[in-house]
Amino acid sequence: MDSGGFQAALAALLLLLTATQAKAESACPSDMAAAGRVSCIDRFEAPNREGERPFTGKTAPEGEAWCGLQGKLLCTEDQWMEACEGEEHRPFPYGHSYEKSRCVDEKTWIPPNWGAIASYPAEAGKREIERLNQSEPAGSREGCATPEGVMDLTGNTAEWVLATRPHPNGHRHVMKGCYWSGCYGGSAPRFGFTNPAHPGGFRTYEAGFRCCSPRPQTLPAALPAAGPQPAFACDPTVHPAPNAGLSEAPGDPGCPDGMARIGAGASGPFKTFCMDRYEASLVELTPEGERPWSPFHNPGPRKVRAVALEGAVPQGYINGLQAAAACAASGKRLCTSSEWLRACSGKSGPGGRIYPYGNTRRPGACQDARAKHPAVELFPGHPNPFSMIQHACLNQLPSSLARTGSHPECMVPEGAYDLMGNLHEWVADEAGTFRGGFYVDTKINGEGCRYVTTAHTRPHWDYSTGFRCCAEL
Ligand SMILES: [Ca+2]
Ligand SMILES: [Ca+2]
């Protein structure tokens, strides 16, 4: 190539890189804005609807649950602060000097009746919270905006966040942004002000919250590297539908479609029940009818329901709250932890099988021993590949997620497949539990059927988190 041709090629490459970068930086969904380099934040206080009054009188766990059902997370303190101060480190969301009433922060404080608030959800509690509520519809103070278009960070409702910095009391959650009557102690509502007084479970009249999510990474999945390139191409913004055309087989006698009867003929106190034969997939319910939901993407707040399909790519990327809702939408429910163990090990208590197929590990019988962590493979040289665990391409790597039922030995006698390995499976537990391990590991947190992960609360999701449903016989 002559030098002119080389220059032209270089210019084209630079243009391509710039375009890719620009795409990456505008990648937050339209109802969110960038908060720093790696997060998106809702433009408005929850429920994130312009012109509607924000939720108030909420606890932090209620915020986590609500955000989780949207496929988002309660904002962390760092995310909230990054959105508020921006790259220019503004003390106030709108600039460098305080302007009273630019945000909703000038209302006269009304003394609360704490006894009435504590009676929530009784009517008296709801009425007292509403009596004290001086919030305004989201976005009504046009000047109370960051340059990125995030509204009402300071003032209006106080916002529960997950604490990421040290504070007095050491609570897991703190409140940011002050509220409609300004800050406790009377200082100006600047981004750094924190109210650490109450634990997240405390219900106070002025508290709402806001949801955040990781920023979608639209950079090419396979970074250029020396030597031959792997023959793997994946665009994380595409929604493949590998389950199109599949439908549920009839259930065992007495069970809904797609389900096996667990414990039939067993003696002992355990009740016979129905369980999905396969790790679940999702179908989206639209006005035009049902259509398969792409199993590589979190469904967010869409209306979806769970189906158990043979030969499907099962749904990862789903949190525990969404999984429970998807089962309920099919007239089913999440399995309890003991039902799940009963199905996998053949016994309701200890002393059952270690693996779905017996007591001796058979490498390869289940999808359970990928040599390389997919995030390490997909992001070579990334400083923290484990920050990429929500990336849609992880479960599209070769030898990663297997289709349901493709491992015939990975079955219990009643006909449920892949309990061990493939995807972790959420079970019905308020604290957040998933069972059975996944395609990289079925040992670290227990062998096979005994594998239990309790490291995450129910709003967590990543590529490895799936589920299946149970139902009464
Ligand atoms: Ca606020
Ligand atoms: Ca599994």
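**Two open sheets in a predicted model**

Q: Let's start at Thr286: what stands opposite this residue in β12?
A: Thr286 faces Gly289 in β12. Strands are DSSP runs of E, at least two residues long, numbered from the N terminus.

Q: What should I know about the model and numbering?
A: This is a predicted model: local features need pLDDT of at least 70, side-chain atom pairs count only at pLDDT 80 or more, and totals for chains, interfaces and linings use all residues. Residues are numbered from 1 along each chain as its sequence is written, while chains are lettered from A and ligands numbered from 1 in the order in which they are written.

Q: How many bridges pair β11 with β12?
A: Four, in the antiparallel sense, with β11 covering residues 281-286. Two strands pair if DSSP finds at least two bridges between them.

Q: Which sheet is that, and where are the edges?
A: An open sheet of three strands, in the order β12-β11-β13, with antiparallel pairing. β12 (289-292) and β13 (304-307) are the edge strands, each pairing on one side only. The twist averages 35° from one strand to the next; angles run from 0 to 180 degrees between N-to-C directions, with axes fitted to C-alpha atoms, for helices over the stretch in contact.

Q: Switching to the four-strand sheet: what's the order?
A: β6-β5-β4-β7, open, with mixed pairing. The edge strands are β6 (194-195) and β7 (207-209).

Q: What packs on that sheet?
A: Helix α3 (residues 77-85), which touches β4 and β5. Its direction makes about 130° with that of β4. Helices are DSSP runs of H or I, at least four residues. Contact means C-beta atoms, placed from the backbone, within 7 Å.

Q: And Trp160, what's its bridge partner in β5?
A: Met175. β4 (residues 158-162) and β5 (residues 173-176) run antiparallel, joined by four bridges.

Definitions and conventions:
Two residues are in contact if their C-beta atoms, placed from the backbone, lie within 7 Å.
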